[in-house]
Amino acid sequence: MNVSKLLVAGVAFSMSAGAFAAGAHGGGHGASSGEPGKASEVARTITVEMYDNYYEPEEITVKPGETVRFVVENKGSLVHEFNIGTPAMHESHQKEMMMMVEHGVIQGGKLNHDMMNMDMGNGHSMKHDDPNSVLLEPGQSKEVVWKFSDKGNIEFACNVPGHYQSGMYGDVNFE
Amino acid sequence: MQGLVKASQPNSNEVQLGIKQMKIRLLTGLLTLLMPAMVMAGEYGLTVDRVKIDTGDFVKEGIGYNGASPGPVMRFKEGENVKINVTNNLDEMTSIHWHGLILPFDQDGVPGISFPGIKPGETFTYEFPIQQAGTYWFHSHSGFQEPDGAYGAIVIEPEGREPFRYDREYVVQLTDKHPHSGDRIMRNLKMMPDYYNREQQTVGEFFSDVSENGLMNTVRDRMAWGDMRMMKADVEDLQGFTGLINGKGPDQNWTGIFEPGERIRLRFINSSAMTYFDIRIPGLDMTVVQADGNNVQPVSVDEFRIGVAETYDVIVRPKDEQAYTIFAESMGRSGYARATLAPEEGMEAAVPKLREAARLTMADMGGMPGMDHGSMAGMDHGNMDMGSSEGVSGMDHSNMGSMDHSNMKGMDHSNMKGMDHSDMSGMDHGSMVMGKEGPSDPFYAKGSGLVPTAANGGKFLSYADLKAQDPLYEDREPTREIELRLTGNMERYTWSINGVKYEDADPIRLKYGERVRFKFVNETMMTHPMHLHGMWSILDVGAGQWNPIKHTVSVNPGTTVYMETEVDEPGQWAFHCHLSYHAAAGMFRKVIVEGGPESTQAKTEVIAEDGGEV
């Protein structure tokens with residue numbers, strides 16, 4: 001594993017962490033999903049494969065406070081997301097993802113990267129760079145380093161329209 | 001499920017075969033040895049019976065399977081070889097067609113095309129491999145036995161996992177049960193095509209249109225409709241039915257139980273004779289995951305329209321401890337079916353009122369020959385103010401009375417060509433619900449009165465939303481195009497393809513291995529669910545390799561729809577409109593696939609003449 005890459009990723013995480021906390025809107029209400037993890041604290045690596053439209057595995061077990069490196073691989077032929085959050089967070093993120101589809105950012109098996117960087121006004125873009133998630137084209141693989149906090153109703157989910165609703169989610173169980 | 005016999009254990013012959021092989025080919029490996037025993041062979045039994053059908057509104061005699069209508073849910077497993085013994089307890093011929101299943105043509109169950117039919121008192125054994133998964137259905141293909149109740153559901157479990165998850169599932173099978181028998185309905189329609197059309201415009205409506213739109217506009221509108229042999233309200237030509245879900249009328253309220261938070265897969269099947277339904281479950285999003293048995297990329301909707309013979313599988317997730325109504329309004333709003341999802345039996349939710357009936361517009365007859373589309377499109381909507389009172393007072397009413405409608409019977413196209421389009425441009429489009437801000441859907445004529453909208457203002461499923469989850473065929477250029485004009489004369493209740501009804505038509509000949517592009521041009525004012533037996537219909541939604549595959553393709557009035565077929569099954573097949581009385585009136589073709597594997601040819605000659613009705 002390339003450490004410098006992870007460090008860069010870590011900086012990116014911190015930059016958007018504020019926006020993430022605002023979007024999650026759950027930190028103060030006892031429904032947090034955790035926080036971006038530090039590479040140095042990674043206790044273990046879990047590989048999650050994404051297919052059309054389901055994960056393997058469909059559930060994982062973690063300890064409260066544990067930092068996990070997720071290696072996420074898209075083995076399907078459609079765009080998929082791996083996103084750690086509460087059901088409520090996923091639900092609000094699904095609206096954003098719907099917008100991405102409507103604007104042609106997500107087109108079946110392709111991501112329109114130019115569109116993702118486009119300024120949507122008010123400083124918004126559709127970059128999809130929150131630290132709790134990755135959005136992958138078929139064949140792509142990326143990592144998410146995540147520190148789980150306390151116990152809670154946490155799922156990893158694909159919020160590409162229709163995917164979560166039809167069952168593309170996995171349960172995070174706490175030991 | 002009562003009476004459904006299932007023997008899913010491998011039969012003893014195969015086990016013995018496995019043992020013999022073990023002695024002979026001891027070294028070929030354990031896997032090979034186990035193969036014969038691993039092939040599942042299910043044996044099933046169906047009896048075709050006279051049954052009583054109680055809709056809650058009326059009780060009638062009908063036809064069913066294993067003593068009930070609808071018949072049982074047949075549950076198969078992909079990869080299984082099924083053997084289905086069908087015993088005819090009627091005093092007339094019967095047949096069963098396995099709608100949407102890919103199978104040898106002589107097992108397809110169409111009398112006169114696949115086989116001679118099943119005689120009274122006889123048992124016919126169907127045998128075929130299950131090569132697909134999903135939700136399908138079966139029904140009689142003899143006379144009007146299907147509208148009389150001879151239908152049931154098929155659920156096929158896939159070999160691998162489903163690409164979605166759910167905690168429980170229900171079949172939700174709809175029909176439009178009519179108090180009259182199919183034979184009687186056909187007789188009445190032939191005698192008087194508007195016999196069952198209660199939504200006809202009245203004299204009173206004529207005068208209210210006159211006051212709103214001006215007399216000239218109203219008269220022109222009515223004259224144009226008269227030319228079409230259609231009445232403006234002909235969204236449904238069979239009204240007066242009770243909508244059933246799994247055999248239960250609205251008051252009998254079929255109920256599916258759930259635990260809050262569960263995902264439920266609902267397998268909707270429209271087994272109606274004639275009725276399209278608009279389906280919603282107020283309070284729940286529905287995620288469509290399958291259409292006509294084939295998985296589609298999931299799309300969440302508030303409402304969807306299910307054509308006759310189509311199936312849609314949706315996943316819903318009721319989170320609250322409350323009842324939800326499954327509400328299925330007929331497309332023409334003349335009736336509805338209703339069922340309930342509830343945490344316990346007996347709970348109900350509010351049943352919505354029927355919305356106002358859709359009215360066809362001039363756009364819906366845009367497909368009629370002789371109509372100049374170009375000039376219609378170019379119409380100036382800004383100049384719609386024709387309904388001035390001077391126009392009314394200046395009209396000579398006595399002349400109107402002398403209008404000779406009988407002359408129009410011959411439907412003279414040349415006269416229609418002569419229609420003065422400049423006059424049409426003055427027509428008040430407001431009166432025709434041709435609103436420019438109206439809803440649109442690429443599978444409906446522009447300005448069509450039939451474009452559906454969700455009751456809650458949300459998302460209504462369009463064919464354009466359907467994308468294959470995992471395309472079955474590689475995309476390739478079609479080898480040729482075949483145009484099929486969907487034609488009819490409402491005045492005589494004749495329905496046809498390219499103006500020729502089934503009895504007078506030559507079969508459509510396809511070559512094994514080719515990919516044919518079918519162009520449906522709907523020149524009638526009615527929606528036709530076109531069903532090709534035996535081979536998939538790849539519906540062109542403009543998604544290329546992701547175009548969905550279906551077994552039934554709905555073609556709306558005034559539209560042209562394309563589908564492609566990989567001609568990969570030899571033999572001869574039925575191809576028809578699935579509206580029972582349209583098929584019977586002649587909107588039907590035999591398709592002959594020439595060539596293909598040797599063993600499957602020539603058997604077509606064996607099919608006897610008897611039972612030739614379809």
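1. A quick term before we start: two residues are in contact if their C-beta atoms, placed from the backbone, lie within 7 Å. On that basis, among contacts in chain A between residues at least 6 apart in sequence, 77% join residues at least 24 apart.

2. Some housekeeping. This is a predicted model, where local features need pLDDT of at least 70 and side-chain atom pairs count only at pLDDT 80 or more, while totals for chains, interfaces and linings use all residues. Residues are numbered from 1 along each chain as its sequence is written, and chains are lettered from A and ligands numbered from 1 in the order in which they are written.

3. Chain A has 3 helices and 12 strands (DSSP runs numbered from the N terminus: H or I over at least four residues for helices, E over at least two for strands). Of its 175 residues, 36% count as buried, meaning that 20 or more other C-beta atoms lie within 10 Å of the residue's own, again placed from the backbone.

4. Have a look at the open sheet of 5 strands in chain A, with the order β4-β12-β11-β6-β9 and mixed pairing (strands pair if DSSP finds at least two bridges between them). β4 (59-62) and β9 (133-136) of chain A each have a single partner strand, so one side of each lacks a neighbour in the sheet. On average, neighbouring strands here are turned by 20° against each other, direction ignored (axes are lines fitted to C-alpha atoms, for helices over the stretch in contact, and angles run from 0 to 180 degrees between N-to-C directions).

5. Inside that sheet, β6 (residues 80-85) and β11 (residues 154-157) of chain A are antiparallel, with 3 bridges, and N83(A) faces A157(A) in β11(A). Helix α2 (residues 87-102) of chain A lies across both strands, at about 140° to β6(A).

6. Strand β1 (residues 35-36) of chain A joins β10(A) through 2 bridges, antiparallel, with P36(A) opposite W146(A). Strand β5 (residues 67-74) of chain A also pairs with β10(A) in the antiparallel sense, over 7 bridges; there R69(A) has V145(A) as its bridge partner.

7. Now the cores (sets of buried Ala, Val, Leu, Ile, Met, Phe, Trp, Tyr and Cys residues joined through C-beta atoms within 7 Å). The largest nonpolar core has 133 residues, and I154(B), V172(B), V288(B) and V314(B) have the most contacts inside it. A second, separate core of 31 residues includes Y54(A), Y55(A), V79(A) and M168(A).

8. Finally, the interface: 11 residues of chain A are in contact with 17 residues of chain B.

How values were computed
Buried ≥ 20, exposed ≤ 12 C-beta atoms within 10 Å, placed from the backbone.
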